[in-house]
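Open the model in your viewer and keep the selection tool at hand. The stops below go chain by chain.

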Amino acid sequence: MIVFDNVAKRYPGGYTALAGVSFEIRHGELVVLSGHSGAGKSTLLKLIPAIERPTAGTVLINGQDVSRLPRRAVPYLRRNLGLMLQESKLLTDRSVFENVMLPLVITGHPPGDAAKRVAAALERVGLGGRGREMPLGLSGGEQQRVAIARAIVNRPSILIADEPTAHLDPAYADEIAALFKSFNSAGVTVLVSTHDANLFAANKPRRLVLAKGLLTEGA
Amino acid sequence: MSNWLYLHARAIADAFRRLAGQPLGTLLSAMVVGIALSLPAGGYLLLDNVATLARGVSGTPEISLFLANDAGAADVAAVERRLKGNPELSSFRFVSRDDALHQLERSGLGDVLGGLTANPLPDAFIVAPHSEDPAVFERLATEMRGWPKVAHVQLDSAWVKRLHALLGLGRSAVLMLAGLLGFALVIVTFNTIRLQILTQRAEIEVSRLLGATDPFIRRPFYWFGILQGALGGLVALGTVWLGVRALAGPVTALAETYGAVFALAGPGLPEAAAILAFAALLGWLGAAVSVRRHLAGD
Ligand SMILES: Nc1ncnc2c1ncn2[C@@H]1O[C@H](COP(=O)(O)OP(=O)(O)OP(=O)(O)O)[C@@H](O)[C@H]1O
Ligand SMILES: [Mg+2]
């Protein structure tokens, strides 16, 4: 469950990125967030893992008020989320396997079991057996799939992705979209932002549309 | 608990990887730390050797207890009982007036004494305390002066005082040196860790996003500091060891010209462990300050 209740975000410079945004996403929904550049999509998504904090209103994730979460508790919130944000870069000095392993290392997962999970996650995104390669040796689409594998390796109940297909050819973009759809079919709540109106069109997802920080559709 | 151990093992492995990833930087830092530390370590060792040498040349410091001329066997026994009962004494021996006279005669002064009808020498005890602290000597002497039939107490402590003053001075100098260089090493580590944090910005940010706690992020840097310090400690030990080896021959030869038997002692296991621990502690301290300064909650 993701609940935004009258959420506003004003950045330190004084710019209001979000103004009075309210909506609810139930378990297992597939939601596409769209809007023009600068509409506030990234800002909205960053409020969920408490990368940014709202200046007004409340954000609830599975009943927990993350807008007022103490700093110490934030890591534990993030461990239960699958995140693919602009900040979620791959580490170029680590292999694909090590990149996907990172969330499990952070949670102190037993290494043997962790290795199996990493292999399964890579298999899931169609990169089985490519673990030893380095991220910079992969295509853009493959890199995004590594990032997806890293986001789901902890088996999160919520997956959040900020323009995961931004720099990809349409064919690659559809592959990525199909992956998100399949996670959603397996019961994961998926919230994806995109510029591309055609993406997910076949899946008839619920759409949230932002314009200049206001929710104009989908609430 | 096992999770805690696992996380530390990961952090140590991580720190090793980062050290090995830049061998030249690691080597240079270890040399700086090691050479700086070898100065106070060598100084400490030198003082230790001087103390041993002084003890060897001058013998164990003692207190001489001369009894009154009219002291009888019962009085001697009473003083002996008191000496036996004192836990601060490591040993004592009795020199009877007759023994003393014989010694004097043997030393060639017999002719001088020949004219005397009675033995003018008193019975005496030669006492060695455990401690070499001049204050303890003074206190014991004062106490013994108050005992019955003790006529005179002679403190053999002038040289002990001088030696202690000198060694004390030397220790202060070594301590000051260790303090100053230690501070410099903390600064060196502080800076190394600062650079480490800068080059690992991306990894730190991604880890935070994936739910890493502050301790998780900081741990590898602490271990990096500890390992770098310990490596420096090893270099310091090596330097000192080489120094001892180079000086051992000449020092023994020098001692022989004075008729003394003396071998320069290198750092023992406890000293080596102490140097390593001190170096590791400094590394940890530099890392801790740097992490606090450069990784404060963002
Ligand atoms: N850290 C920040 N400090 C100040 N202003 C910011 C910050 N981040 C975003 N903004 C501003 O907030 C507004 C919304 O930004 P946001 O990144 O949420 O938009 P977006 O919908 O994701 O745009 P895009 O499609 O280009 O990614 C923009 O005008 C942007 O300049
Ligand atoms: Mg954006």
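Start with residues 2-219 of chain A, which UniProt, in an unreviewed entry, annotates as "domain: ABC transporter". UniProt positions follow the numbering used here, feature names are shortened, and annotations may be inferred rather than shown by experiment. This is a predicted model: local features need pLDDT of at least 70 and side-chain atom pairs count only at pLDDT 80 or more, while totals for chains, interfaces and linings use all residues. Residues are numbered from 1 along each chain as its sequence is written, and chains are lettered from A and ligands numbered from 1 in the order in which they are written.

Keep residues 2-219 of chain A selected. The span is 31% helix and 26% strand, and its end C-alpha atoms are 12 Å apart. Helices (H or I, at least four residues) and strands (E, at least two) are DSSP runs, numbered from the N terminus.

**Ligand 1**

Select the shell around ligand 1. A residue is near a molecule if its C-beta atom, placed from the backbone, lies within 6 Å of it. Among the residues around ligand 1 are A:Tyr11, A:Tyr15, A:Gly38, A:Gly40, A:Lys41, A:Ser42 and A:Thr43. Which element gives the largest share of the shell? Helix H1 (residues 41-47) of chain A does, with three residues. By class, the shell holds four nonpolar, seven polar and one charged residues. Here Ala, Val, Leu, Ile, Met, Phe, Trp, Tyr, Cys and Pro count as nonpolar, Asp, Glu, Lys and Arg as charged, and the others, Gly among them, as polar.

**Strands and loops of chain A**

Go to strand S6 (residues 81-84) of chain A. Both its faces are covered: A:Leu81 and A:Leu83 lie on one side, A:Gly82 and A:Met84 on the other, and all are buried. Buried means 20 or more other C-beta atoms within 10 Å of the residue's own; exposed means 12 or fewer, and partly exposed is in between, with C-beta atoms placed from the backbone. Two strands pair if DSSP finds at least two bridges between them. A:Gly82 has A:Leu159 as its bridge partner in S7(A).

Next, pick A:Asn62, in the loop between strand S4 (56-61) and strand S5 (64-65) of chain A. Its phi is near 50°, a positive value in a residue other than glycine. Most residues other than glycine have a negative phi. A:Asn62 is partly exposed because 15 other C-beta atoms lie within 10 Å.

**The contact**

Show both chains. The contact takes 16 residues from chain A and 16 residues from chain B. Residues are in contact if their C-beta atoms, placed from the backbone, lie within 7 Å. On chain A, helix H2 (74-79) and helix H3 (96-106) each supply at least two residues of the side that touches chain B. That side divides into eight nonpolar, three polar and five charged residues.

**Chain B**

Colour domain 1 (2-57 + 161-294) and domain 2 (62-156) of chain B. The bounds come from an automatic or database domain assignment. The C-alpha centres of the two domains lie 50 Å apart.

Now select residues 27-47 of chain B, one of the spans that UniProt lists as "transmembrane region" in an unreviewed entry. This span is 100% helix, and its end C-alpha atoms lie 30 Å apart.

Finish at strand S3 (residues 124-129) of chain B. Strand S1 (residues 63-67) of chain B pairs with S3(B) in the antiparallel sense over four bridges.

Note on methods:
Contact = placed C-beta atoms within 7 Å.
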